[in-house]
Amino acid sequence: MGNSDSKLRFRKAVIQLTTKTQPVEATDDAFWDQFWADTTTTIQDVFALVPAAEIRAVREESPSNLATLCYKAVEKLVQGAESGCPSEKERQIVLNCARLLTRVLPYIFEDPDWRGFFWSTLPGAGRAGEDDGDDEGARPLAESLLVAVADLLFCPDFTVQSHKKAGLDGPEDMASLDSCEYIWEAGVGFAHSPPFNYIHDMNRTELLKLLLTCFSEAMYLCPSTDINTLNPWVTFFCSADNRHALPLFTSLLNVVCAYDPVGFGVPYNHLLFSDHREQLVEQAMQVLMVALEHDLASTCAQQPLEPTAPSAELEEQEPVGPDNLFVNYLSRIHREEDLHFILKGLARLLSNPLLQTYLPNSTKKIQFHQELLVLFWKLCDFNKKFLFFVLKSSDVLDILVPILFYLNDARADQSRVGLIHIGVFILLLLSGERNFGVRLNKPYSLRVPMDIPVFTGTHADLLVVVFHKIITSGHQRLQPLFDCLLTIIVNVSPYLKSLSMVAANKLLHLLEAFSNSWFLFSSTQNHHLVFFLLEVFNNIIQYQFDGNCNLVYAIIRKRNVFHQLANLPSDPASIQKALQRRKKTAAGMSRAGSMETVSMEGSRPAIPAEPGTLKASLAATPGIEKLTEKSQLSEDGSIVSLQERHSSQPQADQSANAGAASDTESNSGRDNEDVFYCKTETARSRMSSTSSSVYWVPTPEWVLSWKSKLPLQTIMRLLQVLVPQVEKICIDKGLTDESEILKFLQHGTLVGLLPVPHPILIRKYQANVGTAMWFRTYMWGVVYLRNVDPPIWYDTDVKLFEIQRV
C-alpha cells in the first residue's frame, strides 16, 4: 500500500510541475522533497513516472521549474557528498536524485538553448574554500554535480567498505578521506581486494549511470569536422579539479580486469543469482571508454612518455603529457605485473563467449565485447609499453582468436558493422609490428566452433580463412574494409613460415575473383586488391619459400590466372566486352575455389540481423592510404618510416579514392548486380558514394598506367623454373598424387634464380582525424544501444549518429 501511495505522490508532483503556471519557489521544500523522499523508487519507476513528453513540456512551458528541479537535485547530491550519507534515508535521497537527473539530462542536452544551463553559475554556489559571496568564485552547476558524484563514489558504507569499527566512531570526514585507500578492487596500483558487497556495487552502478549520462552531451552534437572539440564534462571530470581522478580511474580499470563471469565454476550459477558485479563492470567500462578522450592534435604530436608507476604521489607532481588524467595514467602504466593483469583480464572476458561446455547454457555469456575491444584499442593506442607487452609473447593470440570469432560471427549481420570495423582496426594496428607476424606461426589447436572450413595449421591459416569468409560471404557494407583486410595479410606475409593448403587455396581464390577483367574495369579502385595479393605472394616466395610448398603448388595449379593478368587486354573493344560479360560471369564464379564446404563441428552459420533490429549509423572510414603510413623493414629487423609516400599504385588513383562510403548512405545508386556479386563467393564492386554519382569510364591509358606496374616478375620467374620440372616428374613417374609433387617442391630451391628480393613494405596504422571521428560515433552508438534498461537516450534527438532499423 505504502509503495503505491508514494508512487502516486511522486506522479502528482510531476504533473504539478508541468501544469503550474507560476514558477515554484526553490525554498518550497515540501514540494521539491516529493521527488526524492520516497524510499522504494527504482530507476525503472522514475523512467515510467516521468514521461518524455512531460519533461519536454516543462522545458518549453515552465523553464524555471525545470531549472529549479535540476538545481535542487544537484544540491541534494552535494549535501550527501559533504555529510557522507550516514543514514539510510540520506542514501535513498542521493539515489533518487541521481535517477531523476539521469532521466532529465538527455532532454536538457537535446535542446541547444539549454545546453549551457549546467555550465552557468548559480548565486551562492562557491568553490570549496572560497568566499561564497564572491560571484567570481561561483562554481557552475555541472562542476558541482561532477565533484559530488566523484565524492559519493568513495563514500564509506554507501559505495565503499568503511575502515572504521562499527558503533565506535562517528561517520568519516569526507573532506579528509584519502580515496586512494578505498580503491574498489585489487589490481593496478592496489593490492587489497575489499570484501564483495552487492549493495555497494548497485549504488556505484547507479552513480556511474548518472556520470555516463552527464558525458553523453557528445551524442547531441553533430559529427564535427573539428575532432579537437573536447567534451566539457569529461574534461572537467578527468582534470586535477577532481581529487578522486586517480583512485577512480584505477577502480574502474581494476573492476573490469578482475571480473570473472564464470565465477567459481558452478554450472548454471548465473541462473540462480543476479550478478550485480556484471552490471557494475559494464557501466565501469562504458564510463572508462568515453572518459579516455584525447584531442587528436596531441595524439599525433605526442612523444612517448617515460612512464612512472601510477601511485598517489602522481597527484603531487605536475602532470606530464595529456591533460586528461585518465589518459595520462593509462599511458604511464608500465609495471610488468600490471600489464599482465590487464591483458589477462581482457583476454579472459573476450574469450568468454567462446567457452565450450558440455552442458548447454551452463556458463554465463557476457554481452560487452564491443566495449572490451574499444578499451583494448585505447590501451594499445595510448600506451606503447602495453602494445609491446601484448606482442612480446603468444598471449596476443588470446586476443586474436576471439576477435576472429566475432568477425566471422558478425559478417552477415548489418547491425554489427561497427564490431567488424573495430576488430579489423585492432588487427591492422597489431599487424604493423613484426612480432605479430612471427606469433601467427604458432599452431592453432583450439577448436572454437566457427563457421569456416576445417583445416590443420597455424593461427595465420585461421586469419586467412576467416578473412576469405568475410570477403566472400559478408554483407555489402563491409566492402570498404577489403583494403584493410588485405593490408593486414600483406603486413604479416613476410613472416609466415608455412601456410596450409586450405589457406593457400583461399588466397588464390581471392586473386582469381579480383583479377577478373570486368571486376578490374568496373571501378577506379579495384586493381589495388590485386596489387595487395601479388605483394603477399612475392613476400612469401622471396622470404619464406622453404616452408611454403602448399602455396607454391597452389600458384602452379592456378598459373593461368597470372598469365591472364600479364596479358590483360587494354584496348577499348576488350574493355567494353569485359564490362558486358560481367552478368554472365558473376554466377559462374560464385563456386570457384570453394572446395572445402565442411564447416567445423558445433558451429552455427553467420546469420543476418533480425528485421527491425536497431543500429547506430557510423562515420565514414578513411581510405587505406590515410589509415596507414608506409614503413620499410631494415636488415636488423627495425621498421623505418618512409616519408616519401611513393606508391606502387599511380598517384592519380589515390586522389580518386575519395574515402569510403558512410554507413548511412542509401544503396539506391547501386546496381542490383553489385549486391548479387558481393553475396556470391567472389568480391565486390567498390563504387564509393562519389564514384557512383559521377559516371566513370575506364580508358586504355588508365588500364596501362597500373597494368605496367603489376609486380609479376618474381611469380613469372618461379613458374618459368618450376612448371617444367613439375610436368617432367608427372610424365616420368606417371604421378597424379599431389603429395609427391609437394614433396618435390618442399626440397626444391630457387636460390639464385629469383630477382633480387625487394625491400619489405609495412603499412602501419597512423592516428588520423577520420578514425578519431569514427571511434567517437561508434563508441557512443554502442553506449546508446546497450543501455536499454532503462532506455536512457531512447527517442531523444541525438545528432552524432542516426538510429536506424535493419
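Buried means under 20% relative accessible area, exposed means over 50%, and partly exposed lies in between (1.4 Å probe, protein chains only). The views below come from a predicted model, in which local features need pLDDT of at least 70, side-chain atom pairs count only at pLDDT 80 or more, and totals for chains, interfaces and linings use all residues. Residues are numbered from 1 along each chain as its sequence is written, and side-chain values use heavy atoms, with hydrogens and water left out.

**View 1. R56 meets E110 in a salt bridge.** A salt bridge here is a side-chain nitrogen of Lys or Arg within 4 Å of a carboxyl oxygen of Asp or Glu, and by this rule the count comes to 33 salt bridges. For R56 and E110, the closest N and O atoms are 2.7 Å apart. R56 sits in helix α4 (residues 52-61) and E110 in the loop between α6 (88-109) and β1 (121-126), so this pair ties together parts that are 54 residues apart in sequence. Helices (H or I, at least four residues) and strands (E, at least two) are DSSP runs, numbered from the N terminus. How accessible are the two partners, R56 and E110? R56 is partly exposed at 26% relative accessibility, whereas E110 is buried at 8%.

**View 2. Salt bridges with shared partners build a network.** Look around R56 and E110 again, and you will find R59, E60 and D111 joined with them into one network.

**View 3. K392 and E336 bring two helices together.** The closest N and O atoms of this salt bridge are 2.5 Å apart. K392 belongs to helix α17 (residues 384-392) and E336 to helix α15 (residues 336-350), so the pair ties together parts that are 56 residues apart in sequence. K392 is partly exposed, with 44% relative accessibility, and E336 is partly exposed too, at 42%.

**View 4. K764 reaches E433 in a salt bridge.** Here the N to O distance is 3.0 Å. Which parts of the chain does this pair link? K764 is in strand β6 (residues 760-765), and E433 is in the loop between α19 (417-431) and α20 (434-439), 331 residues apart. E433 counts as buried, at 17% relative accessibility.

**View 5. Y198 and T159 are shown by their C-alpha atoms.** You can find Y198 in helix α8 (residues 198-215). Y198 is partly exposed, with a relative accessible area of 44%. The C-alpha atoms of Y198 and T159 are separated by 9.7 Å, and these residues are 39 apart along the chain.
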